[in-house]
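Visitor: I would like a close look at one kind of link between side chains. Please take me through it step by step.

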Amino acid sequence: MSAGRDDEGRRIFVFKPGAIDADKMGVLASVRTSFMFMEKILAEEDTQVNGLIVIGDVSNMTMSHVTSLGPNTARKLADVMQNAMPIRMKALHYVNQPKIFDTMFAMFKPFLGEKIKKRLHFHGEEFGTLHEYVPSRLLPTEYGGSLTEFSNQKWNEMLLASEDEFIENNKYGFPRSAEALGGSSTGKDADTGLKGTFKKLEI
């Protein structure tokens, strides 16, 4: 997470799913941690108003990362990102995409709305195009930026200190069973919960 903000007041969040050992932990654990980060920065008024820029560095991604998710999980994650997480996702930039990334993205694409699709950018190893959207002063040197130190240590400590808060928040939510939701007979989705967004929730 960047310490500063871009000219429009947005934080820069760098996500590296390929950095974890998918055989030992799985990509989903990394995704959950990212959502926890986002939940915490939503407490910032500037972030509530101006939103967030995400950089997905997918270098070192392997087939193990792809198979640890699967289409059903991809659908749930896309739903959370677009309809449940109340954060303004202003842009999502992918860098260092290996060939296997196409397989991963193919799982998510059918579940993405047109709004988020228009905010996707793919740069490969051409960081000059990334700099057209994200100031180099906020990027580490590995992306052609000017930051020699880019550490999440402070944010990691913040998450650890918020454990009780996350445990309490995790007690709330919608029921998931088909019996509680009425199943397909009421047009609800028994797998992911009630359909709708925070703006218009079908109950």
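Which residue forms a salt bridge with Lys117, and how far apart are the closest N and O atoms?

Guide: This is a predicted model: local features need pLDDT of at least 70, side-chain atom pairs count only at pLDDT 80 or more, and totals for chains, interfaces and linings use all residues. Numbering starts from 1 along each chain as its sequence is written, and side-chain values use heavy atoms, without hydrogens or water.

The partner of Lys117 is Glu114, with the closest N and O atoms 3.7 Å apart. A salt bridge puts a side-chain nitrogen of Lys or Arg within 4 Å of a carboxyl oxygen of Asp or Glu. Side chains of opposite charge can pair when their charged atoms come close. Both residues sit in helix α6 (residues 114–117), three residues apart, about one turn of the helix. Helices (H or I, at least four residues) and strands (E, at least two) are DSSP runs, numbered from the N terminus. Glu114 is exposed at 52%; Lys117 is partly exposed at 30%. Those words rest on relative accessible area: buried is under 20%, exposed over 50%, partly exposed in between (1.4 Å probe, protein chains only).

Now take Lys40. Lys40 forms a salt bridge with Glu165, at 3.0 Å between the closest N and O atoms. Lys40 lies in helix α1 and Glu165 in helix α9 (residues 163–169), so the pair ties together parts 125 residues apart in sequence. Lys40 is buried, at 17%. Glu165 is partly exposed, at 36%.

The structure holds nine salt bridges. One network of them links Arg5, Arg11 and Glu44.
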